[in-house]
Amino acid sequence: MQSSASLLQRQKLSMVASPQLIESIRLLQLAHAELHQFVEQELEKNPLLEPASNDGEAFGDVLPNSGEDQYIGARENDVARPTMAGSPERLGEWKSLRNTSNNPPGNRPAFDEFAALTETLHDHVARQIALTALTPQERLIAGQLAAHLEDTGYIRANLLELAESLNIRGADVARVLGTLQHFDPPGIFARTLSECLEIQLRQRDRFDPAMAALVANLEMLARRDFQALKQRCGVDEDDLLDMLQEIRALDPKPGNRFQSGAPESIIPDVWVMPSRGGGWQIELDPDTLPKVLINQSYVAEVSRRAGQNSKDMAFLNECLQNANWLIRSLDQRAKTILKVATEIVRQQDAFLEHGVAHLRPLNLRTVADAINVHESTVSRVTSNKYMLTPRGVFELKYFFTVAIASSEGGDAHSAEAVRHRIKAIVAEESLDDVLSDDDIAVRLKETGIDVARRTVTKYREAMNIPSSIQRRREKRLWLNGDQGLKAS
């Protein structure tokens, strides 16, 4: 039997994302600094676009009202319309509020206005090298060592490799390093934490054999194994207390007191403040939203001059399409951020009212379903975005936590609220009542939080809270404000 070949036509539907759609999706995830950079690039490429002014009217032109009423995260039955922070009736109030929060009383300038003039660690070291009597070879070595200095004040360079690269003896490098270790701030140019503490103690003339033994056994101090430390150092409890007080007064990262670069400040994308009529007013920060307009007069002039030139008209149409796409994308991005923030505030109203103990469990799907968008859209919107609230500035992702069941059959508790409660329970402990993880789990259950011991252990360790044994040892040592030691 011979098989016959045939041609069949099949229709298949598939979704293909256009380059502009991909860019629109990417815009949602960009932080405001990256977004401004992207818009600046578009302004350079597209002659029809121009930046808009920062006043309310221009802002309204860029982000027209969608005509859709939205429920903001107010208290139950409260309805309000979220507005852009650039609206004329609110812009002045918000700017005044932000300036008041950013500037200390007395109209003193903000820190970032003069932080750039702060001396850096490397400037401080270079000045000391210049003032130190060194031979030309030693000055060369000092410069190379300074080039390997980290912002924390430590040096991680391999001295033998450095000596080989300079074709000099390793002893010469070690000698110059010893000179640099006498520089200010004390502890600088150390290679390890132990060496950093040793340098500071030597400058204070406090590096005796007992202190040397303590510095050589920092891992015991980290474990809070005070009994072993007393034996290793050969001291009694009172002497150990004095030694630990001296260690605590030292600086483990002496370089951190210097400004390593321009300070990075967080600019919130969303402002949430109590509304005059009750509920919450949710607005976008205009500083995080690039403002662009199409220069219509320029478009008309270029169109008139292009006339029947097909190439010029094609280029003009392409620029006009790209400009309209950018404005629509920025508009849609702002509205999506506002919708997501609105739903977050509605869900976390109790947190805004009463604090972290009332933070509700929340996931991306809940918000996505409420505002009728895809879960991935919510994920992109909450990435690298921040919200200013009466309780501080929070990343939007902070409000999404897993649920912990209630032992009383009521609403579940958020993991963040449970961690907050564990921290509060530990803070209330006394020397005679240090709780194990099992005890903490029982305490939580008494307050309606059903959580297993292993979960308590996981949360406790994540917050760097020591075990009950370590906490009991520490309380014995630092009881009554470090005034003395109780009997072991």
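In which helix does Val173 lie? Val173 sits in helix H8, which covers residues 170–180; helices (H or I, at least four residues) and strands (E, at least two) are DSSP runs, numbered from the N terminus. The model is a predicted one, where local features need pLDDT of at least 70 and side-chain atom pairs count only at pLDDT 80 or more, while totals for chains, interfaces and linings use all residues. Residues are numbered from 1 along each chain as its sequence is written, and side-chain values use heavy atoms, with hydrogens and water left out.

**Around Val173**

Val173 is buried, at a relative accessible area of 0%; buried means under 20%, exposed over 50%, and partly exposed in between (1.4 Å probe, protein chains only). Beyond its neighbours within four places in sequence, Val173 is in contact with residues including Ile141, Leu145 and Ile168, where contact means heavy atoms within 4.5 Å. Between Val173 and Ile141 there are 6.5 Å in space, C-alpha to C-alpha, although the two are 32 residues apart in sequence.

**The sheet**

Now to an open sheet of 4 strands, ordered S3-S2-S5-S6 with mixed pairing. Strands S3 and S6 are at the edges with a single partner strand each, so one side of each has no neighbour in the sheet. Two strands pair if DSSP finds at least two bridges between them. S2 and S5 pair in the parallel sense over 2 bridges, and Val270 has Met387 in S5 as its bridge partner.

| Strand | Residues |
|---|---|
| S2 | residues 270–274 |
| S3 | residues 280–284 |
| S5 | residues 386–389 |
| S6 | residues 392–395 |
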